[in-house]
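Open the model in your viewer and keep the selection panel at hand.

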Amino acid sequence: MTDEVVNIEVDGVPVQAKKGEMIIRATDRAGLYVPRFCFHEKLSVAANCRMCLVEVEKAPKPQPACATPVAPGMKVFTKSPRAIGAQRAVMEFLLINHPLDCPICDQGGECELQDLAVGFGRDASRYNERKRVVQDENLGPLIATDMTRCIHCTRCIRFTEEVAGIQELGMIGRGEHMKVRTYIESVVNHELAGNVIDLCPVGALVSKPYRFSARAWEMTSAPLVSPHDAVGTNLYGHVLRGRLMRVVPRANEAINEAWIADRDRFSYEGVYSADRLEQPLVRRAGEWVESDWEGALMQVAQGLKARAADSGFLVSGSATLEELYLAARLARGLGTHNIDHRLRQRDFRDQSSDPLFPGLGMPIAATDDLTGLLVIGSNLRREVPILAHRVRKAARRGAQVALLNPAHFSYQFPVAAYLTSAPRTLAGDLAAVLAAAAEAAARPVPAHLLAATQAARVGEEHRAVVRALLSGEKRAVWLGALATRHPQFADLRALAAALAEIAGASWGVLAEGGNGAGAYLAGAVPHREAGGKAAAAAGLTARDMLQRPLRAYVLFGGVEPSVDALDPDSASVFARTELVVAITPFVSEEVKRIAHVLLPIGTFAETSGSYVNCEGLWQSHGGATAPLGAARPGWKVLRVLGNLLGLPGFDYQSSEEVRDELRALCAGVSPQGYRGTHAVTPAGAASAAAAAGEVRVVDLPMYQIDALVRRAPSLQKTREGRAPATTY
Amino acid sequence: MSDLEAKYADKMNLLVFEPLKLERSWTLPAYRSIGGYDVWEKLLTEKPDRGSIIEQVKASGLRGRGGAGFPTGTKWSFMPRNSPVQKYLVCNSDESEPGTCHDRDILRFNPHALIEGLAIAGYATNTTVAYNYIRGEFLGEPAPRFEAALREAYEAGLLGKNIRGSGVDFDLYTFIGAGAYICGEETGLLESLEGKPGKPRFKPPFPANFGLYGAPTTVNNTLSFASVPTILRKGPAWFASLGPANSAGTMIFSFSGHVAKPRNLELPLGTPFADLLELNGGMLRGAKLKAVIPGGVSVPVVPGDIMMKTNMDYDSVKAAGSALGTGAAIIMDETTCMVRVLERISRFYKSESCGQCTPCREGTGWMNRLLQRMLAGEARREELGLLLDVANRIEGHTICAFGDASAWPVQSFLKHYRHEFEYMIDHGGRSLVTEQLGARAA
């Protein structure tokens, strides 16, 4: 489509349209509403509902606005007797077999059919025949069906085929027996599948966990940002009488378009899990007893003060920016740099070369236009479903995508080159790819990597990866979570950065958690203070803190070390320490076993706060509800701790103040890519491998990644939710 | 031979049915004996300008015989024939229009005319691959006959790659449908050919730009393609002279229903309906003609007395309030209850709707249920108006012409025979026809 402008007239109003676009897009832009059901701007045109029929001058019949291209001088009438007549006719047909029992339908009050029926339907039906009844489908634990209500718009089918890339929903039968259903009675397994709930204009596909629990008009809506991955998906939380009832997408073209991952949609269930900590708890003589805030906080403050520099902070990468910043200030106020959010990282050898924050190195939306992409060590669909969708979009437009992974993960798009390499050989294979790229681009390999590339044996498989990466003009190299968890992350990163440089590609690291980038900016790392300022002497990394006991620990934001640090042995470290303070929304057996004080805080939906996503975008939200019970927003708990410890500058009145203070510290600091010269040598690799014991990488199921999703029962019931972690 | 038969003797079987006089007319030798493949061989050796072939087809005035009557040459000219992409020709042998049965006889008795016609069309549109989409019900005889002829043509070196060293490629494949009426709609057919459910596409884009597998495609009816070789052999002027203005050439008229000798007759367009009726043996048992659906059930019904004054060509039948359609006339005598006929027709449309677009999916069933209740004596007078309103609300609102085709019978039956419907509603489901005719109608 070109940018050429075509002048048309709609209902007598001059409207400018883009050449070749459909009438409905021009009328939508001009704010002239044409009723529709099957049309959705993100899906292909089906033109099957016929609700958008409009009159077009000189056309013998009413034309569907969604499938009729504009033409210069075209005169469109959306409200002429002929257009309205056609729209009313279609509405009557849609309603004859539709159960007109809106009061017991979950979609009632937010139903496109109901809304349009007010405008285009009649007050009484002329249909005196028996209505159609359709058997329901079992689409799994997330989506409930009421297929009798289906109006056959096929949005769900087009979504699963075009966006999700799966062919599990389709139309069976013909005429009035046509049904939307799964072909083989399978459940719909896809990380974006929940979007069909929003797409369905009627009550045929609705949210199973939310169904029958509230009405759209009695809830308030609060903008939220997803804490689960580095994308920063925009959400709305719907709240009824102080309770978060459900989460729906907040459209943002630059980030998540109209979609959200199932993880973002259903994790809210975890907010109300039985594990919620609603009162401060302290351990007295081995027994957990409830405490008031004052007593618990005093105990914590005294305990930390007594152990000051011998404390360590393990913070969640999904905590808010404000929480991370205050936790970092607290640690440094105690005189230690022992704070880290990189709980699953294993290799910190080259951390001094870390960029300002781990990020994509390009805007998220630019993914769509990539022409060549290499993803190293990432189960992309699990880690960042929204980004995986954008990669799929790019691949469908012809981008050559190459993957270098420890296992063969499924992608619903053509993969140009798939190189599977065990963790032990991953760095060697990447070095071979680098060598092949240097050869193809006739560029020298940087000196610090020469030893690695010279030792590498370049094969056809490595050249295939390079060919894919070098396709077109817009190229990128990304490292995923499996790379950051790898015992040779430093090697992988140095090699990947050099590869990007040689290939003329942008370079990025996909950090775990919703604030992996924010945590760096906030100084929640041992080697950097807020704003990226290098620490005078680096503190202990998460790995060090978990291997060698300190005298006191603070676990912040629902950290459960066995999963969040992928470290089953951490229990012995905690057994040998004097004080463990868990500041957490949840209490689990593990936390009860290791902690001495439990301070309840709100989940992401119960606090105001900010997230910095992988493109460096700061997004703030005001929270949706107040924390449960006596729990308080995390930033407030940290602020009071700061006051009790007598630290200066802890007199914040709002989370915005905290954020603005950090923002000022970050002002003028420009993000830079990796500039390190970490030498990768076979010997160095061998010693890193030896230090790590066996070279292994754990792939965590996507509904295990943080404390909140782990407690969302519906997500846990899905196939993915039941899957165990895989060690490669 | 009656006088009438004598009168039409030299107008009969001039085109596609020409070889019918021969033994085993479907074989290659029989077809060659009447000059078959001469045009094709000439094209292969002389390789004239492709546009000139299209011009000849245009000049002949041949209109698509599948029902809509779109000028065939014009359709071919829509193909971007100089485009380097793979283009396709598709022959629509999914003959499913109730009452229509001429394509099957072409496949049975003169398959080579179709093969040659497709090859010529392939040359004219610079297309090297063609499919013949044959309805599944033709598996018995027509499809094997076509397949056998196709083998003969390949063995004779008339098809394939670089045919006879000419540099011309043309490959033709048979595809057997799975038996849905809607697959006869050209875009439904393309979907089916692609292996998907036969659900028509919205247009634009038209198949000439976005057809089979998204490539430029021309879809024509069997009779249209099969007419082309003789048109080019005998000249466009000869063909044009066979029929009246706007209705060049011949048609294969399929008469069925209450006629004594129902059969396919190839005669020039413009032949009076009355003559055709007599050539089909006249009315069965000498009964009185009541009504005719002149072009397959998808066109409006016409009262018999009007039809008796109408010639069978595009403009005349249109003037009579209907359409020539497929040239398949369904003849109904005075014993016919029009309510029952319409219920049967509406049941067909209810069963055959593809279901993708709203008015047709919901409306066809509604119309049928209303009619069923009329037959059962459970309808009210005002529901007659509702029935017409439902038809009017389907018409013109659907993706393909199926919706219109389901509405037109309802509209026309109510226009001409409303009193029969009213009588039935008022008399608890008893038919006016049955009551008037008594035992005769039983």
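Axes here are lines fitted to C-alpha atoms, for helices over the stretch in contact, and angles run from 0 to 180 degrees between N-to-C directions. Helices are DSSP runs of H or I, at least four residues, numbered from the N terminus. The model is predicted: local features need pLDDT of at least 70, side-chain atom pairs count only at pLDDT 80 or more, and totals for chains, interfaces and linings use all residues. Residues are numbered from 1 along each chain as its sequence is written, with chains lettered from A and ligands numbered from 1 in the order in which they are written.

**Helix pair.** Select 50-60 and 111-124 of chain B, helices α4 and α7. Their axes come within 8 Å and cross at roughly 125°. Now show R50(B), I53(B) and I54(B), which meet I120(B), Y123(B) and A124(B) (C-beta atoms, placed from the backbone, within 7 Å).

**Chain contact.** Next, display both chains. Chain B brings 27 residues and chain A 28. On chain B, select α16 (358-375); α16(B) gives the most to this side, nine residues.

**Core.** Finish on L495(A). Beyond four places in sequence, its contacts include L430(A), L434(A), L449(A) and V680(A). Among the 369 residues of the largest nonpolar core, A327(A), L434(A), L495(A) and V90(B) touch the most other members. Such a core joins buried Ala, Val, Leu, Ile, Met, Phe, Trp, Tyr and Cys through C-beta atoms within 7 Å; buried takes 20 or more other C-beta atoms within 10 Å.

Key. A residue is buried if 20 or more other C-beta atoms lie within 10 Å of its own, exposed if 12 or fewer, and partly exposed in between; C-beta atoms are placed from the backbone. Two residues are in contact if their C-beta atoms, placed from the backbone, lie within 7 Å. Helices (H or I, at least four residues) and strands (E, at least two) are DSSP runs, numbered from the N terminus.
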